[in-house]
Amino acid sequence: MRFMGEEAIGIAVAMKQGGDILQLGATLDAEFGRLQKTLPAGMELRKVSDQPHAVEESVGEFVQVLAEAVIIVLLVSFFSLGLRTGLVVGVTIPLVLAMTFFVMHYFDIGLHKISLGALVLALGLLVDDAIIAVEMMATKMEQGYDRLRAASFAWTSTAFPMLTGTLITAAGFLPIATAASSTGEYTRSLFQVVTIALVVSWIAAVLFILTWVTRCCRTCTTRSRPSRAALPDAGMRCGCAGPTATRRWPT
């Protein structure tokens with residue numbers, strides 16, 4: 001073969017299945033330096049293609065994009081949803097990402113362009129369930145429910161619909177996973193990661209987030225609600241929604 005206009009001998013090194021390409025690159029660099037010293041005068045080793053370096057740069061770029069996406073989602077949540085729900089989103093994102101990475105590691109799904117891109121794609125979806133659950137609980141607490149009863153109502157009324165929506169969204173990526181082609185082979189992790197992230201976000205919303213809000217939110221104190229005819233001016237106070245507010249029952 002010819003390289004840079006000169007006669008050359010090509011040596012190809014391929015990674016075995018299941019190997020770590022970054023570790024392969026480090027090993028090749030060490031061997032490259034060792035072999036360079038043993039070559040006779042007039043001969044030298046040059047790299048035509050350095051795939052481990054390209055992969056390292058690509059993964060680093062996607063990790064940066066993922067971090068930027070997390071920051072953007074948090075900022076938008078705090079400004080548009082308020083401090084309470086924004087704080088829930090702030091807790092949900094790192095929790096769900098950590099659980100997703102654990103499940104990916106368990107099922108041997110590697111971190112590469114497709115899997116990291118799937119995380120970026122799912123980032124805006126994995127906070128929906130937590131927002132719905134917390135807003136439902138907060139609404140019921142403002143109506144006079146205590147924390148445990150409000151959390152129970154949020155579970156019984158939203159858990160199954162949220163799970164149904166999660167599975168429907170994941171099913172939209174199913175054709176990618178079942179495609180019998182080279183494209184399906186390389187993009188199968190898109191379906192896998194999105195499905196894992198969405199299911200994990202549902203589990204986090206109905207279990208961890210509701211439990212955390214139940215323990216951390218201030219207790220709502222509510223006057224017993226009389227009949228409208230008996231005491232039309234009876235009020236209700238709720239401490240978890242900010243300043244104390246009094247509502248009058250309509251007569």
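Helices (H or I, at least four residues) and strands (E, at least two) are DSSP runs, numbered from the N terminus. On that basis, the protein chain of this predicted model reads β-β-α-α-α-α-α-α-α along its sequence. That pattern holds seven helices and two strands. Of the 251 residues in the protein chain, 30% are buried.

**Helix packing**

Helix H1 covers residues 21-38. Helix H2 covers residues 51-106. H1 and H2 pack with their axes 8 Å apart, at an angle of about 135°. The crossing of H1 and H2 is left-handed.

H2 also meets helix H4, which spans residues 128-142. The axes of H2 and H4 come within 10 Å and cross at roughly 140°. That angle makes H2 oblique to H4. The crossing of H2 and H4 is right-handed.

Which residue pair is 50 residues apart in sequence and 7.5 Å apart in space, C-alpha to C-alpha? The pair is Thr85 and Glu135. Thr85 lies in helix H2. Is Thr85 buried or exposed? Thr85 is buried, because its relative accessibility is 1% and the cut-off for buried is under 20%.

**The salt bridge**

How many salt bridges does the structure hold? It holds one. The partners are the side chains of Glu31 and Arg34, at 2.8 Å from N to O. The pair qualifies because a salt bridge needs a side-chain nitrogen of Lys or Arg within 4 Å of a carboxyl oxygen of Asp or Glu. Side chains of opposite charge can pair when their charged atoms come close.

Both residues belong to helix H1. Glu31 and Arg34 are three residues apart, about one turn of the helix. Glu31 is partly exposed, at a relative accessible area of 35%. Arg34 is also partly exposed, with a value of 46%.

Phe79 counts as exposed because its relative accessibility is 74%, and the cut-off for exposed is over 50%. Thr85, also placed in helix H2, counts as buried at 1%.

**Two loop residues**

Where does Ser49 lie? Ser49 is in the loop between H1 and H2. At 61% relative accessibility, Ser49 is exposed. Ser49 and Ala12 are 37 residues apart in sequence, and their C-alpha atoms are 9.6 Å apart in space.

Asp108 lies in the loop between H2 and helix H3, which covers 113-123. Its phi is positive, at about 60°, although Asp108 is not a glycine. Most residues other than glycine have a negative phi. Asp108 is exposed, with a relative accessible area of 69%.

**Accessibility at a glance**

The table gathers the relative accessible areas of residues discussed above.

| Residue | Relative accessible area | Class |
|---|---|---|
| Thr85 | 1% | buried |
| Glu31 | 35% | partly exposed |
| Arg34 | 46% | partly exposed |
| Ser49 | 61% | exposed |
| Asp108 | 69% | exposed |
| Phe79 | 74% | exposed |

Terms used: Residues are numbered from 1 along each chain as its sequence is written. This is a predicted model: local features need pLDDT of at least 70, side-chain atom pairs count only at pLDDT 80 or more; totals for chains, interfaces and linings use all residues. Side-chain values use heavy atoms; hydrogens and water are left out. Buried means under 20% relative accessible area, exposed over 50%, partly exposed in between (1.4 Å probe, protein chains only). Axes are lines fitted to C-alpha atoms, for helices over the stretch in contact, and angles run from 0 to 180 degrees between N-to-C directions. Angles under 35 degrees count as roughly parallel, over 145 as roughly antiparallel, 65 to 115 as roughly perpendicular and the rest as oblique. A crossing is left-handed if the near helix is turned anticlockwise from the far one by less than a right angle, and right-handed if clockwise.
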